[in-house]
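Open the model in your viewer and keep the sequence panel beside it. This tour moves from one selection to the next.

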Amino acid sequence: MQAQTRLSWGWLQRLADFFPVFIAVLLAVITSAILLIALEADPFTAFSEMLGGAFGTENAFAETLVKSVPIMFVAIGITIAFRGGVVNIGGEGQMIAGALLGAAVTLGLGESVGWLVIPLALIAAFIGGGLYGAIAGFLKAYFDVNEILSTIMLNQVAVQLMNYLLNGPMLDPESAGMNHIPKTARIAEIAELPRLVIGFGDNALFDRTRLHWGLIIAIVLAVISYILLWRTVIGFRIRAVGQNERASRYAGFRVKQQIVLSMFLSGGMAGLGGAVQVLGLQYRLQTDGSPAGFTGSAGFNGIVAALFGGLNPLGAVPASVLFGGLLVGAQKMQRELGVPAAMITAINGIIVIFVVSSQIFIQRRMQRRAKLEIAAVEKNKFEDTAQETG
Amino acid sequence: MGQGMALQFKHLHMNGIVKQFPGVLACDHVDFDVQAGEIHALLGENGAGKSTLMKILYGLYRHDEGEILLNDEPLNASSPTDTIARGVGMIHQHFMLVPSLTVVENIALGLREEPADASFISRLRSRSVLDLGRIRKKLVELSETYNLRVNPDSPIWQLSVGEQQRVEILRALYKGSELLILDEPTAVLTPQEVDDLFLILRQMADDGRGLIFISHKLHEVINLTHRITVLRDGCRVGSIATQDATKEILAEMMVGRPVVFQYDQDAAKRGPVRLSMQNVESVSDRGTPGLSGVSMEVHAGEIVGVAGVSGNGQKELAEVIAGLRVATAGSVTALDKDITNAEPAKIKSLGISYIPEERMVDGIIKDFSVAENYILRDCTTQHYAANGLFMRFNKIKDACEEAIRAYAIKTPHTSTKIKSLSGGNIQKLVLARELSSDPQIIIASQPTRGVDIGAIEYIHHRLLEERDNGKAILLISEDLDEVLLLADRILVIYEGQFVGEVDRDDVVIEEIGKMMAGSAQHEMA
Ligand SMILES: Nc1ncnc2c1ncn2[C@@H]1O[C@H](COP(=O)(O)OP(=O)(O)OP(=O)(O)O)[C@@H](O)[C@H]1O
Ligand SMILES: [Mg+2]
């Protein structure tokens, strides 16, 4: 009898922990369905189109992956910042900063250094995004400026800076003077990231798709970031500061520098994501002048993907792919059903809102529980593990 | 207070309680009982299972086997809500207060007022509205009745540890607990406060309540309680009526071997000055003066003890030296270098160790493992990190296991999260870490708070050993006995100033007591 009550406890506990996410997805689907019905579209067709559009065919899957690459970079970066106790909402701005510097280096070097231009551009992008992130870290560490506010404002600054540069100094000379879109010249062919093809011959996977090596770079970085966070002293200190600033300070860590460092690494990852868009996909830096014109909101979606991935760089990879699928699938659905394009943004927004609030809900619930009876939480956790082991 | 109050509590029986944690059998068929009007002490080494047994009683943990009977009826609690409703109260070893809320608000947390009548409206009202004013009034009455002084409107974070303890006691009193569990309530109190508390506890027992009292201080247990039960490694060793108990008997029951309470101590071989402070001033968390002009010196090879009532500047003193609090005036010099307001990192690298008073906040990172916490201060050394970068998990594990053996720290594994260790074991780990780096200066703040007698003996020996090795030690302790036992020189602190200095050989306890209470201040100046 005793054992039974314990069993049901553990189950309840686990269910309750996942419940909010399920509920969130369910509510998001229902809300979207209501919107679709209001537009006189059949929600069932809509969602099956969405699923098929994201993962149904080789090309669809490739597009999903293409979309997920920048999200992945940002998500890895966000993970580092969050682990370090810094809430980085500046993925957009850091992506742009990285892309600008990366594009400048690529265009400046042209063909002069051969393929070496790729690593050089990526390093520049990392530094660019990193420094841009470090600004917010610096303001937080030394002037106690809330990083959420500063990173959001820096996003705006980056967009305007990009608009200025792409309409002026960095504008493609060929399209100057005309009714141009803001964009740079095309990068040299040698600077392009190669397309990613898995296998050989006719059966090769992703042959003739837009998928590029950015995906591999992102996965490698996820592994490196994982090692950094959990196998090195640098990550040890970042996580320590994120968990308990006082104990870290007293242990002799320079807490302020750690905060700047985690924002630098975080921004650097996002910056790489921006440069990879330039080198792997667009072959130039271009925007439509709107805030998400270049990034496609990857800087924001990366935050959700990071949370989805359990604030673990390795988890960020599949989480980003899921998120990319959502974006691509929604596009397909919109085309097939002929609902307004704004519908995609709406559905994405709905899902993000529900999932993020479910995360907040989980956190709140845990905090509340912790506050009431810290020990009770431990008890449940240990009973769960006790069940698993014994 | 209690007169006219009809108490329900008659007796409590816990029979054959078993609790298994991963890797630890915390309670192994334990029997335990409390009668109305009785103060029953629970004794045992760190990790013996005292807190676990009490958390089971309070409904925080669920036992694997055994039964709990309250007034002969099963107490099948699934959470403290149930046990509180049956009149069980608990004061935890680690406080469960919300730092940003005030004292009144903390007391109000989870309270529900009795509806004035049975109508729907008044029931709804009592469920949704809390009359803070009324709670405040009752709280003030209660704190006056029991002489538990605390400002009802200060936020918790501004209170000293001792004051927070008082709030916890007030909260339990407020809820009208009839069976009250006190898990190391005196660990943070001053001798005077302990006496006050004992008056209250005796009064509560006379009212017919049952009290369970956990402490590592044997003289308190002998002084206060009626009966003593000893646990060791999760098993009940036995029970004994307090009038038949002596310190020696109890110690041997707990540890399984005789324990020494007095040390033969060579005279200090004083070396050069290692640490000195000149007219240091600082501000407390509350914004009031924390230190107002403190000067002192600690030489190599001596232990300087700081005695005083909690909240008189001890915390500020330690934190200023460790670089964790700003000195608004004056200077601090260590090893001939000026360290006034230096970075903690720099202070640490000079060879200064700090055993913090609030180990749960300052000493450890709760969600890190035991091993990670052990290397917290030395994580960059070549020994633990190849090229100062890649962590050497094997070396870390080995070193941590060695410390676990040396200090007899009870933990299932080095990878266990430190927050699941018992309080005393956490303290031992912090101490092990701080002494492992061979520091020249040791600032020890309440180093044996919550630690069992076996471990106290060990920690004291370690501190004396460090002293004999020529280390300069500043021992800040609210346990006057400890200061008297270890210190070569005693400084008495009162309201942020040193009001007296006494040499080991000239100690008159009454004099020190007076100085601690502030009455000797004028003679001194
Ligand atoms: N939540 C938990 N999960 C796993 N192990 C635990 C947990 N709580 C306690 N333990 C283990 O159970 C044993 C008993 O711990 P407990 O806290 O009851 O000791 P204690 O007698 O109160 O010691 P102390 O005097 O140090 O407070 C210890 O070995 C401890 O590590
Ligand atoms: Mg305990």
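Helices here are DSSP runs of H or I with at least four residues, and strands are runs of E with at least two. The model is predicted.

**Stop 1: chain A.** Select chain A. On that count, chain A has 14 helices and 0 strands. Follow the sequence and the pattern reads α-α-α-α-α-α-α-α-α-α-α-α-α-α. Of its 390 residues, 52% count as buried. Chain A exposes about 17700 Å². Carbon and sulfur atoms supply 66% of that area. Then look at contacts in chain A with a separation of 6 or more: residues 24 or more positions apart account for 74% of them.

**Stop 2: the sheet in chain B.** Switch to chain B. Find the open sheet of 6 strands, with mixed pairing. Its order is 16-19-20-13-21-22. Which strands stand at the edges? Select 352-355 for strand 16 and 497-503 for strand 22 of chain B. Each has a single partner strand, so one side of each is left without a neighbour in the sheet. From one strand to the next, the twist averages 15°.

**Stop 3: a strand pair.** Select residues 441-445 (strand 19) and 472-476 (strand 20) of chain B. They pair in the parallel sense over 5 bridges. Zoom in on A444(B): L475(B) in strand 20 of chain B stands opposite.

**Stop 4: the helix across the sheet.** Select residues 314-322 of chain B, which form helix 10. Helix 10 lies across strands 13, 16, 19, 20, 21 and 22 of chain B. To strand 20 of chain B, helix 10 runs at about 150°.

Note on methods: Residues numbered from 1 in each chain as written. Chains lettered and ligands numbered in written order. Predicted model: local features only at pLDDT ≥ 70, side-chain atom pairs only at ≥ 80, totals over all residues. Heavy atoms only, no water. Pairing = 2+ DSSP bridges. Axes fitted to C-alpha atoms, helices over the stretch in contact; angles between N-to-C directions. Contact = heavy atoms within 4.5 Å. Buried < 20%, exposed > 50% of the residue type's maximum accessible area, 1.4 Å probe, protein only. Areas by Shrake-Rupley, 256 points an atom, 1.4 Å probe, with all protein chains shown as cover.
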